[in-house]
Amino acid sequence: SRQRQNHQVKKNFSALNQIGFILKFAGRIYSQTDRALFLWIICLNIVPSLVIVPNLYLDKLFLDIIVAHLRQPNFDWALRNILIIVACKFLLDICRTLSNRFSGFYARKFFMKLRQHTEVMVGTKYATIGVPTLEDPKFKDRYQKIERESMDRLVRIAENYIRLPQHFVGI
């Protein structure tokens, strides 16, 4: 039983090590592709999470104003403050929406660059393979499958990788 637990612990750490390896390997490729664009996308993805706290604070202020107005009716004061809060919430929502839109635009641009960078990397490896191996039909099939899957997988990992800071900030 003790041996089984040790094996399970090693297995869990092995899975964490694999995740760490994938994130480190993918991060290296992403920074080689276009580091500035990659970091810009990450920063833009953090904005929606940063807007949560001010938004909650404005909701609290809104409720406080309504409760204060019920105790001491002062319509002009309450309306002015509610309009200010609504305008602030509107501005926060514009920031969040623009951040999401720009992030999507730059992410598509980054993914195109990533595909190009990956194709160059794969092409460079392909150039080092001997001609007899390249002419083998089994090799061609395996190579095409690997090429297709690796590029798609790298982009899928990039989509999640770019969102990681947003989730960490949101927590």
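Trainee: Let me start with F168. Why is F168 called exposed?

Mentor: F168 has a relative accessibility of 61%. Exposed means over 50%. F168 therefore counts as exposed. Keep in mind that this is a predicted model.

Trainee: Where does F168 lie?

Mentor: F168 lies in helix α5. F168 and I46 are 122 residues apart in sequence, yet 8.8 Å apart in space, C-alpha to C-alpha.

Trainee: Now F110. What makes F110 buried?

Mentor: The value is 0% relative accessibility. Buried means under 20%. So F110 counts as buried. F110 has its place in helix α3.

Trainee: Which residues does F110 touch, leaving out those up to four places away in sequence?

Mentor: F110 touches Y30, T33, D34, L37, F38, I41 and I162. Take D34 from that list. F110 and D34 are 76 residues apart in sequence and 7.4 Å apart in space, C-alpha to C-alpha.

Trainee: How do you know that S99 is buried?

Mentor: S99 has 4% relative accessibility. The cut-off for buried is under 20%. S99 is therefore buried. S99 is found in helix α3. Not counting residues up to four places away in sequence, S99 touches L44, N45, V47 and P48.

Trainee: And A26, why does that count as buried?

Mentor: A26 stands at 1% relative accessibility. Under 20% is buried. So A26 counts as buried. A26 sits in helix α1. A26 and L91 are 65 residues apart in sequence and 35 Å apart in space, C-alpha to C-alpha.

Trainee: On to rings. How many aromatic pairs are there?

Mentor: The count comes to 11 aromatic pairs. Y30 and Y161 form one of them, 5.4 Å centre to centre, with 80° between the planes.

Trainee: Why is the pair of Y30 and Y161 called edge-to-face?

Mentor: Rings pair if their centres lie within 6.5 Å, and planes over 60 degrees apart count as edge-to-face. Y30 and Y161 have their centres 5.4 Å apart and their planes at 80°, which makes an edge-to-face pair. The pair links distant parts of the chain: Y30 is in helix α1 (residues 2-50), Y161 in helix α5 (residues 137-170), 131 residues apart. Both Y30 and Y161 are buried.

Trainee: What makes W40 and Y106 an edge-to-face pair?

Mentor: Their centres are 6.5 Å apart, with 75° between the planes. The limits are within 6.5 Å for a pair and over 60 degrees for edge-to-face.

Trainee: Which residues do ring pairs link into a cluster?

Mentor: Y30, F38, F110, F111 and Y161.

Trainee: Last, helices. Why are α2 and α3 called roughly antiparallel?

Mentor: Helix α2 (residues 52-71) and helix α3 (residues 75-127) pack at about 165°, with their axes 10 Å apart. Over 145 degrees counts as roughly antiparallel. Hence α2 and α3 are roughly antiparallel. Their crossing is left-handed. The contact residues include L58, F62 and I65 of α2 and W77, I82 and I85 of α3. By class, the contact has 14 nonpolar, 3 polar and 2 charged residues.

Trainee: What makes α3 and α5 roughly antiparallel?

Mentor: Their axes come within 10 Å and cross at roughly 150°. The cut-off is over 145 degrees. That makes α3 roughly antiparallel to α5. This crossing of α3 and α5 is right-handed. Among the residues in contact are F110, L114 and R115 of α3 and M151, V155 and I162 of α5. The contact of α3 with α5 divides into 12 nonpolar, 2 polar and 6 charged residues.

Terms used
Residues are numbered from 1 along each chain as its sequence is written. This is a predicted model: local features need pLDDT of at least 70, side-chain atom pairs count only at pLDDT 80 or more; totals for chains, interfaces and linings use all residues. Side-chain values use heavy atoms; hydrogens and water are left out. Axes are lines fitted to C-alpha atoms, for helices over the stretch in contact, and angles run from 0 to 180 degrees between N-to-C directions. Helices (H or I, at least four residues) and strands (E, at least two) are DSSP runs, numbered from the N terminus. Angles under 35 degrees count as roughly parallel, over 145 as roughly antiparallel, 65 to 115 as roughly perpendicular and the rest as oblique. A crossing is left-handed if the near helix is turned anticlockwise from the far one by less than a right angle, and right-handed if clockwise. Contact means heavy atoms within 4.5 Å. Ala, Val, Leu, Ile, Met, Phe, Trp, Tyr, Cys and Pro count as nonpolar, Asp, Glu, Lys and Arg as charged, and the others, Gly among them, as polar. Rings of Phe, Tyr and Trp (its six-membered ring) pair if their centres lie within 6.5 Å; planes under 30 degrees apart count as stacked, over 60 as edge-to-face and the rest as tilted. Buried means under 20% relative accessible area, exposed over 50%, partly exposed in between (1.4 Å probe, protein chains only).
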